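Work through the exercises below with the sequence and the model side by side. Try each task before reading its solution.

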Amino acid sequence: MEIFLVRHTTPNIEKGICYGHANIGVTASFDKERKHILAALENISNAKIYSSPLQRCKALAVSFGEKVYYDDRLKELNFGDWELQAWDKISKSEIDPWMHDFVHVKTTNGESYKDLEKRALTFFREVVLSEAGNKIIVTHAGVIRAIVASLEGIDLKDSFSILLDYGQVISIAQTAQGFRVIGGLTLER
């Protein structure tokens, strides 16, 4: 069994805007990015496809031409009141505690990175590991980092050392030591 974690393509949003659960679309580069992703997955057969229900993931998942299973646990971090606000416009009194400990501190009316990790790993255990066969999971950077950090023994606070481009594919396989990342992983040194 192989599992492929696929980050969505470039979202259609200005730089400097906070987004997670916001249901934004994709840019005009979607087709070019999609072709690159399809090439990376071309030798994968009989894979069950899971996706975040957010538009930027859904567009890619449905383009594979197979049935897609949507799961809310695959959504990006819920930034609550900060969604679609400019990062530099979020009040210092709100953002400073979160920036100091984003793993445990929840965003205003949102969630913490630990909350995201819990739902992502629950999905991984309940859905991915409980079923035989290859899987393609179209999701977001936060979810991918949480899963990869858990598999690779990386502390959640250090998971941003896992570098992820839009459209990046990370492959995971079962080894004698359990599930491990076997391809597509780039770590910041």
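**Exercise 1.** Are Tyr50 and Phe123 buried or exposed? Then classify the geometry of their rings.

Solution. The model is a predicted one. Step one: Tyr50 and Phe123 are both buried. Step two: the whole structure holds twelve aromatic pairs. In the pair of Tyr50 and Phe123, the ring centres lie 5.5 Å apart and the planes stand at 80 degrees. Planes over 60 degrees apart count as edge-to-face, so this pair is edge-to-face. Tyr50 belongs to strand 2 (residues 48-51) and Phe123 to helix 4, 73 residues apart, so the pair links distant parts of the chain.

**Exercise 2.** At what angle do helix 4 and helix 5 pack, and which residues meet?

Solution. Step one: the angle is about 70 degrees, and the axes are 9 Å apart. Step two: angles of 65 to 115 degrees count as roughly perpendicular, so helix 4 is roughly perpendicular to helix 5. Step three: from helix 4, Tyr113, Leu116, Glu117, Arg119, Ala120, Leu121 and Phe124 take part. Their partners in helix 5 are Gly142, Val143, Arg145, Ala146, Ile147, Ser150 and Leu151. Step four: sorted by class, this contact has nine nonpolar, two polar and three charged residues.

**Exercise 3.** How many residues does the largest nonpolar core have, and which elements give two or more residues to this core?

Solution. Step one: the largest nonpolar core has 37 residues, and Ile3, Leu5, Ile137, Ile147 and Ile172 have the most contacts inside it. Step two: two or more residues come from each of strand 1 (2-7), helix 3 (92-100), helix 4 (113-128), helix 5 (141-152), strand 6 (169-175) and strand 7 (178-183). Step three: follow one residue. Beyond its neighbours within four places in sequence, Ile3 is in contact with residues including Phe124, Val128, Ile137, Ile172 and Phe179. Step four: another core, of 14 residues, lies apart from the largest one, with Leu41, Leu60, Ala61 and Val138 among its members.

Definitions and conventions: Residues numbered from 1 in each chain as written. Predicted model: local features only at pLDDT ≥ 70, side-chain atom pairs only at ≥ 80, totals over all residues. Heavy atoms only, no water. Core = buried A, V, L, I, M, F, W, Y, C linked by side-chain atoms within 4.5 Å. Buried < 20%, exposed > 50% of the residue type's maximum accessible area, 1.4 Å probe, protein only. Helix = DSSP H or I, 4+ residues; strand = E, 2+ residues; numbered from the N terminus. Contact = heavy atoms within 4.5 Å. Axes fitted to C-alpha atoms, helices over the stretch in contact; angles between N-to-C directions. Parallel < 35°, antiparallel > 145°, perpendicular 65-115°, else oblique. Nonpolar A, V, L, I, M, F, W, Y, C, P; charged D, E, K, R; others polar. Phe/Tyr/Trp six-rings, centres within 6.5 Å; stacked < 30°, edge-to-face > 60°.
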